Structures are given as C-alpha cells and as structure tokens.
Amino acid sequence: MLRRGLRLIRHLVALHPVAYALGALGATAYVSAIVAAAVVIGNVTDDLIIPVLDAGTDPAGLVWPALFAIAGVALWKAIGITFRRAGAGWLQSRCQADVRRRLIDYMLRLELRWHQHRGVGDLLAVADSDAGSATWILAPLPYATGTLLLLVGTATLILLIDPMLAVIAVIALALIIAIDVRGSWLTFGMFESIQRRRGEVARVVHESFDGALTVKALGREQFETNRLRIASEALRDDLTRIGTVWAGYRVLVEGALSAVIVILLVFGAARIGAGAMTGGELVTIAYLFSLLTIPVRVVGFVLWDLAHSSASWTRVQHVYDSAQLVEYGQLLPRSGGTGAAVTTSPVAFAYEEEQILRDVEMPIDAGRTVAIVGPTGSGKSTIALLLARLWDPSSGVIRLDDRDLRDFARAALPGEVGFVSQETFVFDDTVRANIAVGAYPTPEAVATASRLARAHEFIEQLPHGYDTMLGERGTTLSGGQRQRVALARALVRLPRLLILDDATSSVDASVEAEILAALKEAELPSTIVIVAYRRSSILLADEVIYVEDGRVAGRGRHEDLLAIPGYAEILEAYEEQDGEAAGVAP
Amino acid sequence: MTTEPAAPEAQPGIWETEIGTVTALRRVLHVAPELRRGIWVTVVLAALGTAIALVVPIIVQVLVDTELLAGEAIDMRNVIERGAVALGAMALAMIVRRAALVRLAVRAAAGLSELRVRAFAHIHDLSLLYVQSERRGALVSRVTSDITAIQDFMEWGGVGMLVGTAQALLAILAMLVYRWQLALFVVGAAAIYTLLLIWFQNILRRGHDRVRQRVGITLGTMSEAISGLSTIRAYGAEDQTMDRVSEALDSQARVEIRTAWFGAMLFSSAELFAGLITAGVVAIGVATPIADATSAGTLIAFLFLVNLLVEPLQTLVETLEQAQAAAAGIRRILNVLDTPTEIPNPGGTELLLPAGPLALDLESVSYRYPGGRDDVVVDVSLQIAPGKRIAVVGKTGSGKSTFAKLVTRLLEPQGGEICVGGIPIDHVGFSELRNRVGFVPQEGFLFDASVADNIRYGQVDATDAVVAAACHDLGLTEWVAGLPGGLATIAGERGSQLSAGERQLVALVRAWISQPDLLVLDEATSAVDAALEVRLRNAMQAATAGRTSVTIAHRLSTAEAADEVLVFDRGRLVERGSHRELLRAGGTYAALHADWAAGATAAS
C-alpha cells in the first residue's frame with residue numbers, strides 16, 4: 001500500500017511541481033519559524049525576563065530587540081503557513097482537474113459495451129468522488145514534508161542543548177507517533193465500513209423515494225421506514241464504535257505530548273541543578289514541544305489520507321487499464337444529397353457471452369426505406385446500433401457506400417449517419433443547441449428540421465422559443481416532446497442514412513402518424529432504416545427485413561412476408577395493439 | 001420562517017437566514033431528543049477534560065518561581081513531587097475528556113439517526129415526492145448528505161469548538177488569576193482579532209459558496225458526458241463535450257485556488273496575531289509598572305497561555321465553515337419537517353368501507369398541480385356502479401392519469417368531493433383505503449429483491465404458496481416458469497432485469513394479491529412484445545373480474561373490453577358510454593380511434 005501510495009504521490013506531484021515546491025517551501029519556512037520561535041522565547045527568558053523580573057535589571061534597551069524578534073518570527077511563520085496552505089490547495093485543485101479531464105476524455109473514447117458493463121452511476125462515481133479523493137493526499141503533503149524537517153530540527157536543537165534530554169525527547173516523539181499511526185490505521189478500517197453503511201442508507205432512500213408512488217399506493221410507508229431504520233441504525237452503531245476508538249487515541253496523543261513536557265521539565269530541572277543548561281534553554285524545549293501538538297498529528301492524517309487516496313486511485317487506474325478504446329480511421333464524411341447504400345459481409349455480434357446476432361447480411365440500396373421487424377430480443381435494435389457504429393460487430397464488416405464504418409475518423413461518421421433511439425438524451429442547454437449538437441446548422445435549417453419532426457409548434461410556445469434552456473435546470477419536456485427534439489436533431493444534418501429505433505414510442509398516435517407522413521412526403525435525400533414496434537411504421541417502408549433469433553428470417557414486401565408464420569403473428573399483435581377495432585370502424 | 005430575533009451576539013451574515021441558527025439548533029434538539037440527553041454533563045466533562053492543556057503553563061510557572069529562580073540549590077524531591085502531581089492531574093483530565101468525546105459521539109450518532117428516520121417518514125407522507133419527481137434528488141439529500149454534514153460537524157468541528165471554547169475560557173481564567181492586568185490586555189486584543197476574523201470569514205464563506213456552485217456545474221457536465229455518451233457519439237459531439245467539461249474543470253480549479261489563497265492568509269493571520277500579543281505581553285510585563293509585582297515564572301506561563309488562547313481562534317476559521325454547512329443542513333431538514341402533509345390521515349373516527357365491490361362517485365372534482373397554471377382535471381362529476389369494468393381514454397395530457405391518482409387519494413382535489421363506497425374518501429383511514437383500493441401505476445416500480453418479495457409487497461404475510469397461487473390465478477404460471485429463477489428471480493435495480501411489460505405484470509399481481517374491491521390500473525405505454533401483450537391482457541381481465549375496476553387505457557383493445565368508456569379531453573369528461581356507442585356517436589373517442597385505425601387501414 002505504502003509503495004503504491006508513494007507512486008501516486010510522485011505521479012501527481014510531477015503534474016504540478018511548481019505548486020508542490022511552493023507548498024513545501026512554505027512548510028519549510030513554517031517549521032523553521034517554529035524552532036526559531038522556541039529559541040527566541042528561550043533567549044527572551046534568559047536575557048530579558050529573568051534579569052528584569054528576578055534580578056531587577058533595567059529593561060531599557062533590551063525590550064525592543066526582544067519585541068522585534070518575537071514579532072519577526074511570527075510574521076515569518078505566518079508567511080510560511082500562507083504559502084504552505086495555498087501551495088497545497090493549488091496542487092490539489094489542479095491535479096484533481098487533470099485527473100478528471102483525463103478520465104472523461106478516456107471515457108469518451110471507450111467502447112459503449114464497456115460503459116454498459118460498468119453502468120453510468122459507477123463511472124460517474126469514479127470521475128467525481130474517486131478522482132476527488134485520489135488527490136486528498138496532496139492537501140497535507142507539504143505540511144508532512146515540513147513535519148519531517150521539524151522532527152529533525154527539534155531533535156537537533158534539543159541535542160545541542162542537552163544530549164540526555166534529547167534522548168528522552170526522541171523516544172517520546174517516536175512513541176507518540178507510533179500511537180497516532182496505530183489509531184489512524186484502526187479508524188481507517190472502520191471508516192471504510194462506515195462508507196459502505198452510508199452507501200446502504202443512500203441506496204434504501206433512493207429506491208424508496210423512486211418507488212414512492214408504489215409505496216403510497218400499497219400503504220407501505222411504515223414498512224419502508226423500518227427498512228431505513230435498520231440501515232440507519234447499523235450506520236449509527238458503526239459511528240458510535242469509530243467515535244469511541246477515535247476519542248481514545250485523540251486524547252492519548254494530546255495528553256502524551258503534555259506529559260512529555262512535564263517529564264522534560266523534571267529532568268531539565270535536574271540538569272539545570274547540575275549546571276548543564278540554563279532556565280531559558282529549558283523554556284525553549286518546553287515551548288517547542290507545546291507547538292508540536294498539531295504537526296505530530298499530521299503524520300497520522302497523512303497515512304489516513306494515503307490509504308484513502310490509494311484505494312480511490314486504484315479505481316481510477318482500473319478505468320485506464322480496461323483499454324477497450326474505439327479505434328478510428330481517417331475517412332471524412334462525403335456530403336451530397338443522396339442516400340447511402342449499406343453493404344455487409346456476414347455479421348455476428350455477442351454481448352457478455354450471449355450470441356445476439358449471427359450471420360446477418362443486409363444490403364440496403366441507396367434511398368430505400370427499410371423496416372426491421374422482429375420479436376423482443378431478436379436483435380433488431382442491435383442491428384440499428386451496429387449501423388450507427390455505436391457498437392462494433394464481433395465479426396464481419398459493415399460498409400457505407402463501400403467504406404468500412406471503422407475507417408471513418410472520430411466524429412466523422414455522424415456527418416453521414418443520423419441515429420434516433422427510443423431513449424432520448426437531452427443536454428443541459430438550449431433547445432437550439434440540443435438540436436444542433438455536434439453540427440453547425442443555420443437557424444432556418446433547425447426550424448425546418450423541427451417542423452418535419454413536428455416539434456416546431458411546441459418549441460415556439462416555450463418561454464424563450466428555441467433559446468429555452470432544457471435539462472436539469474431548465475424546462476422539462478414530456479417524453480413525446482423529447483423524442484421529437486431528438487428526431488429534429490437527426491434530421492437537421494440531412495443524414496444520408498437515417499436510423500430510427502422506436503423513435504416515436506412516446507409520441508401520441510395522431511402526431512406519430514403526422515410525422516411518418518411528413519417523412520414520407522419530404523422525400524429526404526436519405527436511406528431510412530426503421531426498427532419498427534408499430535404497424536404504422538412498417539407500412540412506411542419500401543421493404544421489410546424480418547429478424548428472428550439473431551438471424552434474418554425473411555426479407556421483402558410486407559404483403560409477401562405475411563407468409564412467414566412468425567412475422568404474421570407479430571403483425572397481428574401490432575394490429576390488435578394499434579387499432580384492434582379497425583375492422584369495426586365504419 | 002420565524003419572527004424570532006437573532007441572538008444578541010449575532011453577527012450579520014453568519015446567523016441571518018429564514019430560521020435563525022440559534023432557533024434552528026434549539027429546534028433540532030427538540031426534534032431529536034437523543035441529541036439533548038445529558039448534554040450539560042457532556043459540556044461540563046469536556047470543560048474539565050480541557051484542563052490537560054493548562055497543566056503545562058502552571059507547572060512551568062511553579063518550577064521557575066519556586067525552584068529554578070529560588071536562589072538555592074534545586075530540591076529534586078520537590079520537583080519530582082510536583083511533576084507527579086501534574087502527571088496525575090493530566091491522567092485524570094484525559095479520562096474525563098475521553099468520556100466527554102465518547103458521549104458526544106454516541107449521542108450525535110443516535111440523535112442524527114433518529115432525525116434521519118423521522119425526516120424520511122415525513123417525506124413519504126408528502127405527495128410532492130411523486131407529484132414533483134424532479135425534486136426527488138433534493139429530498140434524497142435531506143436524509144443523506146444533509147445529515148452527513150451535521151454528523152461531520154458534530155464529530156470534528158463541533159468537538160473542536162466545544163473543546164476550543166473551554167480551552168480559551170480556562171486560559172483566560174488562569175491569566176486572570178496570575179495577573180489580571182496582563183489578562184485584560186490579552187483578552188481585549190483577542191476580542192478585536194475575533195471580530196476581524198468573523199468579518200473575514202464571511203468573505204471566505206462566499207468564496208466557498210462559489211466553489212460549491214462550480215462543483216455542481218462540473219458534476220453536471222461530467223455526468224452529461226458519461227450518461228449521454230451514445231448520443232454524443234452518434235452525433236460526433238465528443239470534442240464539443242470535452243471542451244465543456246474542460247472549461248468547467250478549469251473554472252472550478254481557478255475559483256478553488258483563489259479561495260485557497262484567501263483562506264490561507266486568514267488562517268495564518270492567527271500566528272501573526274499570536275506573535276503580536278506575545279510581544280505585547282513581554283513588553284507590558286517587563287517595562288511597565290505592572291512588572292513590579294510580576295514574577296518571571298508568571299510571565300513565562302503567560303507566553304504559553306497566549307498560545308492556548310489563540311489556537312482555538314485559528315481553528316474557528318475552519319469550524320465556522322462547517323458549522324454553517326451543518327446549520328444549513330439543519331434548516332433544510334426542519335423546512336421539510338415543517339412542510340405540512342397535504343393528504344393527512346383523517347383524525348378522529350376513521351370510517352370503514354362497506355364490504356364487496358365499491359361504488360365510485362365524483363362530484364365537481366377539480367385538480368391543479370402545485371404551481372400549475374390550469375386545472376388538469378376540470379369539474380368532473382360521475383358515478384360508477386359497484387362491479388363495473390371501466391376504461392378511461394384520452395390523449396396525453398388529458399388528465400386521465402391524474403384522475404386515477406385522485407380516486408386512489410394519491411392526490412387531493414382542490415375542489416369537489418370523491419366518495420368510495422358512498423363514503424367521502426378523505427374520511428377513510430389510510431390502512432382501510434390501501435387495503436381495499438388497489439392501484440397499479442403506469443411504470444411498474446420494482447424493488448431490488450426477488451419477484452416473490454416484490455409481489456409480497458402488496459400483502460406482507462403472503463407465503464410463497466399464496467404468491468404462486470396468485471400468479472396462477474392470473475394465468476402467469478407459465479411466465480413465472482420462464483424466468484431464470486422462477487419467483488426467486490432478482491428483479492434488479494428498479495426492476496431492470498425484467499422488461500417494462502414484465503414489470504407491469506408483477507405490479508399487477510402485487511396490487512391484486514390483497515384482493516382489493518376497487519382496482520385502479522394505469523396501463524403502461526411502452527411497446528410490449530406480442531406474447532407478453534396477450535398475457536398482460538388476460539391477466540388484467542382476470543384481475544378485474546368480480547370487482548370495480550378503472551383502467552387508464554392506452555390500448556383501444558382495453559377500451560373495447562370495458563363495460564363503459566370514459567373519454568377525457570383537456571381535463572374534462574367529454575363522453576361516456578360503451579365502445580360501440582361512442583364510435584357511433586362520432587365524437588372525440590371516434591377521432592382518437594381513427595388515428596390508430598389510419599395506421600392499420602393504410603396497409604390493406
């Protein structure tokens with residue numbers, strides 16, 4: 001652990017050496033000021049206080065130098081502290097930003113498969129709390145550097161005054177630090193369990209509040225409260241335990257330092273009696289020790305932070321080590337107002353050992369509208385994801401106008417392919433920016449695309465029209481409105497291949513009908529692939545591909561495919577679902 | 001919130017808020033009595049325990065004056081005796097101090113756990129938890145991070161404040177006993193410094209507020225980059241996203257560093273100040289008339305005592321910050337506890353519902369969401385006879401889902417009256433109402449537990465056999481057998497291991513298992529695969545048989561199977577009748593129907 005911790009420190013300090021140097025310099029100034037302060041107080045005792053108050057010497061001429069020495073040392077100490085703390089803050093803030101930047105950049109390059117595997121919450125926790133606490137160690141680092149010097153300085157100073165007292169002091173300091181380190185270790189183990197308990201409390205609260213409607217509808221509030229009580233009281237018991245242990249160590253360390261001062265005073269008195277040192281020198285030693293309370297405890301804090309930061313850093317490193325980056329080529333998008341043709345070699349796809357697609361071949365002619373139909377779990381959505389290169393096939397090649405999708409440069413493929421899925425993501429930005437994302441369309445183009453997606457009307461009615469903020473801090477859109485914005489987002493770039501994966505599931509039936517009709521009328525310069533969950537969208541297609549159990553089980557005109565029993569069954573179900581009573585209608 | 005004036009020692013900025021800090025503290029002690037128990041004993045113990053710190057200056061003074069400067073040979077016997085007394089006093093003080101710290105930790109943990117449970121229970125009584133779901137995150141932090149902030153304060157800052165205050169007071173006391181003139185100088189100077197400190201601390205606090213704001217923005221952009229990745233990649237917005245993240249990170253770091261500089265200077269000022277006071281004490285102690293009656297030991301003791309006084313002041317800078325965070329947390333929790341329950345359990349005698357299928361009567365019922373401009377349910381009056389199977393249809397936003405929540409008293413209408421089984425719904429006790437009226441929400445929420453446990457959520461004492469029988473009765477035995485672990489299958493977080501349709505199936509069994517006499521169903525909108533669709537429909541048929549049922553229909557097949565259809569449009573009940581009657585009438589229902597039919601007929 002220690003070696004890993006030191007590697008982490010080296011890595012982070014190397015990112016911003018100047019900040020660290022500033023902090024360490026400040027810390028050095030600070031500790032030298034502590035030693036100097038003790039020496040000054042000792043000298044003031046010997047040369048001013050004792051002569052004047054004990055022997056009745058005239059203070060004139062002695063007071064001012066003493067005052068300047070005391071105030072000067074204090075100023076020196078204050079400057080040291082300022083630089084020590086500011087340097088530490090600078091180092092920590094910059095390193096934290098760097099670690100996070102690198103992580104997010106890396107995550108943006110990782111394969112989606114990997115994201116799916118880890119989960120959004122987990123990854124965000126790494127970027128937020130782990131990247132944060134991995135740099136905690138930097139906060140006390142300059143102080144710790146200074147403390148090492150302080151311990152050496154203290155030992156040296158006492159050694160210069162009296163070797164016997166020096167031996168006592170060094171043994172005592174070593175013992176106190178050992179106690180402190182032990183206390184830190186013990187409480188650190190407990191702290192980890194507290195973090196787990198806190199996580200458990202948060203989990204219960206999140207789940208219970210998310211399911212509030214169910215809880216209420218079934219009258220289970222008391223049940224839920226008991227569930228939380230159990231989690232909360234487990235946390236309470238752990239907190240009580242750590243509090244008890246920690247109180248013991250804290251009192252022991254603080255008390256021990258004071259006790260050592262008393263012991264040093266007793267031995268010191270004997271040494272003064274033997275003529276080995278002066279009263280002022282004894283005051284110096286006692287004063288120095290009284291200033292050591294906090295620096296000594298820094299050792300424990302550092303170990304604590306080091307353990308914590310190392311654990312977090314391991315989780316950060318894990319993201320880097322996973323190394324499933326998407327690889328890109330050099331190709332740039334081809335503009336031009338025609339649909340693109342799709343060709344494939346037999347494509348297979350597996351996710352976590354489950355074979356989802358096998359031997360799928362699906363050439364699509366330029367400008368055609370094709371519907372992909374199949375039962376749940378047949379792999380039809382996966383085909384859509386592969387066509388948009390959100391995932392790569394396990395084997396086989398997909399080509400757009402004879403160019404392998406993997407040969408496109410990063411962010412180049414979206415210049416030709418527009419993809420709209422059922423789950424829409426809205427950015428914390430204006431409506432316009434949400435539609436424009438990644439491209440630079442004119443306001444007219446945005447409006448045209450919105451009209452086509454039947455979004456223009458409701459956007460115009462938002463408080464600030466296209467400049468209305470959406471997302472967490474902005475206006476909340478309904479599911480159907482979000483889907484229409486997402487559709488406009490795809491349409492605005494006039495994609496040569498447009499992929500719609502259940503893209504209008506939350507839109508009212510009549511509006512959906514309008515959208516589909518508009519798409520058909522607009523004669524887009526696009527090849528369109530629709531993963532269909534409704535009969536109405538199937539009917540829009542020139543051609544239907546029927547997928548069953550990860551294979552293409554049929555392909556052709558809708559009427560012809562009805563001969564396939566599976567296809568007919570699905571269509572029948574869709575029909576009942578959509579408008580069972582169509583036949584009843586007059 | 002309250003008109004109570006702030007405490008007289010109040011400083012503007014620190015204490016000014018809707019609830020004064022002092023009031024907030026008093027109230028939180030009242031709400032969580034565990035915190036209050038034996039608090040004075042703890043304070044007294046903490047004060048006594050602080051005496052450790054005083055032992056050193058006193059022994060220094062005694063040794064210097066009685067032995068080192070006594071002019072005779074040092075009597076080691078005396079020295080050792082005094083040292084032993086000092087060590088004994090110190091050991092005693094350590095024991096007392098530990099006791100105080102332990103008491104504090106135990107009480108804080110117990111009291112805050114109690115406060116958390118209480119706030120949690122109260123939040124569950126607030127309908128805004130499901131009405132304004134966007135505020136849910138804030139409510140979660142009331143019982144998690146806000147409590148943690150108070151905990152952190154009590155454990156670190158609070159202890160420091162308590163011990164520090166005691167230490168400062170004892171140091172002042174010792175100074176007064178030694179030489180009151182010098183003590184006055186020290187206390188006066190420290191008071192001036194404290195005022196300056198508090199003033200600057202306000203500036204520092206604003207800096208920290210800015211940092212917090214930046215942290216929020218950074219978190220937002222990072223979470224957008226991660227959760228929106230597939231959209232970002234599908235639209236080639238990687239660079240744009242990275243620029244935003246980078247910009248947020250940099251401005252956060254800039255604001256943090258600026259605040260760190262200011263904080264560092266403020267923190268270090270205490271050292272400078274301690275130096276100035278020490279210099280002042282030396283000057284006054286040796287070069288003024290006060291020197292005449294001051295012993296060398298006393299003046300040296302003063303040098304130690306000044307440090308004891310200034311040290312707590314220095315930590316005050318950091319503690320105040322924590323104290324304010326804790327006070328803000330307390331205030332937010334109190335605000336939640338002060339929010340009245342909109343839908344209270346009726347007090348006094350709770351009425352019971354008549355046995356058997358329940359009738360439903362609405363008389364001019366209107367409902368408007370809090371902060372909304374228009375009523376979403378407008379003046380709805382209707383009667384539903386016991387045992388009828390009712391379907392409610394309408395476009396998105398027609399108020400039909402709100403209607404479902406009104407008749408289950410998950411929402412309370414602003415106008416009109418709702419009667420279940422002839423009894424006003426707000427006079428029926430909650431336990432009776434939830435037992436007799438079942439509700440299946442649109443999104444079947446499942447807990448991260450087994451399917452059986454999720455079903456049992458509707459009837460806690462149901463055995464596995466009862467659960468299995470319930471599934472059988474709704475024709476789901478085959479479906480259960482198809483699950484990887486049968487009824488023991490773990491549903492996953494929010495039911496993620498099951499499809500949306502399957503979640504609704506479980507939610508249906510869950511509501512049905514307690515055999516409610518009125519069943520209200522809000523159908524899921526999401527696409528369901530054909531086989532499951534049939535299952536769901538059959539299960540709904542079985543579940544609604546023999547009882548009054550109201551189904552918010554998103555599929556017209558549901559409407560067709562109903563005894564009667566209620567048609568909602570913009571919050572009003574515009575049509576009611578059987579499917580056939582309504583089609584023939586050629587009104588809203590017929591138009592709605594035509595939408596669907598259009599898609600279907602275009603094919604043939």
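Two strands pair if DSSP finds at least two bridges between them; helices (H or I, at least four residues) and strands (E, at least two) are DSSP runs, numbered from the N terminus. The model is predicted: local features need pLDDT of at least 70, side-chain atom pairs count only at pLDDT 80 or more, and totals for chains, interfaces and linings use all residues. Residues are numbered from 1 along each chain as its sequence is written, and chains are lettered from A and ligands numbered from 1 in the order in which they are written.

**Stop 1: chain A, strand E8**

Select residues 497–501 of chain A, which make up strand E8. Because 5 of its 5 residues are buried, E8(A) is largely enclosed by the rest of the structure (buried: 20 or more other C-beta atoms within 10 Å of the residue's own; exposed: 12 or fewer; partly exposed: in between; C-beta atoms are placed from the backbone). A:Leu497, A:Ile499 and A:Asp501 point one way from the strand, and A:Leu498 and A:Leu500 point the other way.

To get from E8(A) to E9(A), the chain passes through helix H17 (residues 509–522) in a right-handed β-α-β crossover (with the strands pointing away from the viewer, the path from the first strand over the helix to the second runs clockwise).

**Stop 2: the sheet in chain B**

Move to chain B and find the open, mixed sheet of 6 strands, ordered E6-E7-E8-E3-E9-E10. Strands E6 (437–440) and E10 (572–577) are its edges, each pairing on one side only. Select E9 (residues 564–569) of chain B: 5 bridges join it to E10(B), and the two run antiparallel. B:Val567 is opposite B:Glu575.

Now show helix H13 (residues 400–407) of chain B, which lies across E3, E7, E8 and E9 of chain B at about 150 degrees to E8(B) (axes are lines fitted to C-alpha atoms, for helices over the stretch in contact, and angles run from 0 to 180 degrees between N-to-C directions).

**Stop 3: where the chains meet**

Which helix of chain B gives the largest share of the side that touches chain A? The contact takes 141 residues from chain B and 140 residues from chain A (contact: C-beta atoms, placed from the backbone, within 7 Å). Helix H11 (residues 238–287) of chain B gives the largest share of its side, 32 residues.

Conventions. Contact = placed C-beta atoms within 7 Å.
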